[in-house]
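Hi,

Here is the structure I promised to pass on. Have a look at it, and then read my notes below.

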Amino acid sequence: MKTLFLLTLILASQIACHSQNESKQPAAPNPFYSRTDTRKLHVTNAEWKKILSPELYAVAREAATERAFTGKYWDSDVKGSYYCAVCGNPLFRSDAKFASSCGWPSFFEPLRANSVIYKADNSYGMQRTEVICERCGSHLGHIFDDGPPPTHKRFCMNSISLDFEPDPGAH
């Protein structure tokens with residue numbers, strides 16, 4: 001009986017992992033993604049829902065948060081550039097990334113002052129500042145005042161909201 005239970009549990013987890021991997025793929029090609037176009041986008045959530053994976057849509061368009069220590073960039077130290085996973089807007093350089101031990105990729109400053117915008121977030125009984133992509137309006141994460149010098153800021157971002165391109169020759 002124990003063996004049957006364990007086999008069922010293993011099979012169920014494999015099916016769940018397979019389903020999660022499949023659903024991370026975009027539902028349709030993203031015609032709005034560009035790493036060079038800086039024009040502000042005006043795309044409805046209905047349209048984004050057709051284009052983005054369910055996981056990315058939940059975080060980027062509904063301000064969900066991925067679980068700590070599960071995103072692919074939280075402990076990455078590869079040199080390169082981070083872009084908005086929804087629209088391609090350049091957001092951060094790895095030179096501004098630091099190990100914050102919070103479980104999400106953390107940066108002390110954005111690539112450009114106008115690459116992100118800020119919005120008061122008083123959800124869940126907390127007073128926080130939400131960080132949003134300036135180009136497409138997608139939720140990226142939150143900013144806190146407990147980062148390292150020179151800014152003392154911690155841009156705590158969701159890995160799923162970021163695309164990464166390593167520098168040539170980076171490992």
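**Around arginine 112**

Leaving out neighbours within four places in sequence, arginine 112 is in contact with Asn89 and Pro90, where contact means heavy atoms within 4.5 Å. Before we go on: this is a predicted model, in which local features need pLDDT of at least 70 and side-chain atom pairs count only at pLDDT 80 or more, while totals for chains, interfaces and linings use all residues. Residues are numbered from 1 along each chain as its sequence is written, and side-chain values use heavy atoms, with hydrogens and water left out.

Back to arginine 112, which you'll find in the loop between S4 and strand S5 (116-121). (Strands here are DSSP runs of E with at least two residues, helices are runs of H or I with at least four, and both are numbered from the N terminus.) The side chains of arginine 112 and asparagine 89 are joined by a polar contact of 3.3 Å. That term stands for a pair of N or O atoms within 3.5 Å; within protein, one must be able to donate a hydrogen and the other to accept it, and residues adjacent in sequence count only if both atoms are side-chain atoms.

Is arginine 112 buried, exposed or partly exposed? It counts as partly exposed, at 27% relative accessibility. The cut-offs are under 20% relative accessible area for buried and over 50% for exposed, with partly exposed in between (1.4 Å probe, protein chains only).

**Serine 106**

Serine 106 sits in strand S4 (residues 106-107) and is buried, with a relative accessible area of 0%. Its side chain makes a polar contact of 2.8 Å with the side chain of serine 100. Not counting residues up to four places away in sequence, serine 106 touches several residues, among them Phe98, Arg154 and Cys156.

**The sheet**

There's an open sheet of 3 strands in the order S2-S1-S9, with antiparallel pairing; two strands pair if DSSP finds at least two bridges between them. Strand S2 (90-93) and strand S9 (162-166) each have a single partner strand, so one side of each is left without a neighbour in the sheet. S1 (residues 80-84) pairs with S9 over 5 bridges, and serine 81 has glutamate 165 in S9 as its bridge partner.

**How confident is the model?**

The mean pLDDT (the predictor's confidence in each residue, from 0 to 100) is 86 for the protein, and 84% of its residues reach 70 or more.

Cheers
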